[in-house]
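Please look over the sequence and the model before reading on.

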Amino acid sequence: MALNKKNSWVATGSVLSIIASAVWIYYSEFKAPKYNVSLQQRIGEVMAEQTAKLLGPKGRLVLLTIPTGGDPELQTQLRAFRRALKKLGDYDLKEHEMDIKDEPKYHAGGGLSSRKFVRAVKNHPKADAIISFIGAPRLSDEEIAEIATRPKFIAESSSTEHLPELFAKQILQVAVVSRFVFPAPGPHKPKTPQEWFDKRCQIVTASAVASIPASDQP
């Protein structure tokens with residue numbers, strides 16, 4: 001009888017061990033995000049910090065967004081941005097969601113068209129700043145002339161291609177971009193969110209435009 005009871009405990013323990021292993025595999029391999037969450041959160045926080053640095057502790061902001069169901073990285077960035085912004089000041093934040101039906105080019109750091117940007121600026125004439133997590137547009141002289149008011153513009157951009165011209169014409173004030181200056185500061189193997197940010201990204205302002213490689217400038 002005692003032997004049977006012992007075997008029963010062993011069998012139960014084995015089953016529980018198998019279940020625990022299966023649960024761990026599910027959450028680590030299938031349920032876990034397939035991207036660097038710490039990095040994406042830090043990008044959102046940095047965008048909020050740069051906005052606060054540019055405007056001070058209050059202001060009227062317009063956040064250019066798109067539906068994020070198919071872009072979890074962008075979703076993470078936006079959540080972190082909103083959360084950080086609340087801690088940095090008293091901001092009136094309005095969200096301008098773009099209609100991007102049949103326009104797959106939109107993603108975190110890219111896709112914003114010149115027409116949609118101009119339209120957004122015109123539709124929010126009292127905005128102190130426009131914040132874009134979907135890139136910075138290439139604007140023609142005619143489109144720039146359409147913008148009667150010039151709110152501050154902060155953008156996340158995966159490319160530096162159009163940035164020098166936007167800075168030169170005082171359309172763009174701050175950009176968070178994919179790193180183009182190497183070696184990156186910090187440890188070779190980043191661990192903290194800031195270390196990940198420094199390895200993969202950098203902040204560009206008008207005073208730093210000259211550091212953009214000539215091959216990336218228009």
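Which side chains meet in a salt bridge of 3.1 Å, N to O, with E146 as one partner? The side chain of E146 meets that of R115, at 3.1 Å from N to O. A salt bridge here is a side-chain nitrogen of Lys or Arg within 4 Å of a carboxyl oxygen of Asp or Glu. E146 belongs to helix α5 and R115 to helix α4, so the pair ties together parts that are 31 residues apart in sequence.

The model is predicted: local features need pLDDT of at least 70, side-chain atom pairs count only at pLDDT 80 or more, and totals for chains, interfaces and linings use all residues. Residues are numbered from 1 along each chain as its sequence is written, and side-chain values use heavy atoms, with hydrogens and water left out. Helices (H or I, at least four residues) and strands (E, at least two) are DSSP runs, numbered from the N terminus.

**Salt bridges**

The structure holds ten salt bridges. Side chains of opposite charge can pair when their charged atoms come close.

| Pair | N to O distance |
|---|---|
| R42 and E45 | 3.1 Å |
| E146 and R115 | 3.1 Å |
| D141 and K169 | 2.4 Å |

D141 lies in helix α5 and K169 in the loop between α6 (163–168) and β5 (174–178), so this pair ties together parts that are 28 residues apart in sequence. Salt bridges that share partners also join R115, K122, E143 and E146 into one network. R42 and E45 are three residues apart in helix α2, which means a separation of about one helical turn.

R42 is buried at 12%, while E45 is partly exposed at 26%. E146, at 30%, is partly exposed, and R115, at 37%, is partly exposed. D141 is exposed at 52%, and K169 is partly exposed at 27%.

**The nonpolar core**

A nonpolar core is a set of buried Ala, Val, Leu, Ile, Met, Phe, Trp, Tyr and Cys residues joined through side-chain atoms within 4.5 Å. The largest one has 54 residues, of which L64, F117, I131 and F153 touch the most other members. Helix α2 (residues 37–55) supplies the largest share of this core, six residues.

Helix α4 (residues 114–123) has S114, K116, F117, V118, A120 and V121 buried. Contact means heavy atoms within 4.5 Å. The buried residues of α4 pack against β1 (58–65), β2 (90–97), β3 (129–132), α5 (141–146) and β4 (152–157).

In helix α3, the buried residues include L74, L78 and F81. These buried residues of α3 pack against α2, β1, β2, β3 and β4.

**Aromatic pairs**

Rings of Phe, Tyr and Trp (its six-membered ring) pair if their centres lie within 6.5 Å; planes under 30 degrees apart count as stacked, over 60 as edge-to-face and the rest as tilted. Two aromatic pairs are found by this rule. F81 and F133 are edge-to-face, at 5.3 Å centre to centre and 75° between the planes. F81 is in helix α3 and F133 in the loop between β3 and α5, 52 residues apart. F81 is buried at 0% relative accessibility, and F133 is buried at 0%. The ring centres of F117 and F153 are 4.6 Å apart with planes at 45°, so that pair is tilted. F117 lies in helix α4 and F153 in strand β4, 36 residues apart.

Note on methods:
Buried means under 20% relative accessible area, exposed over 50%, partly exposed in between (1.4 Å probe, protein chains only).
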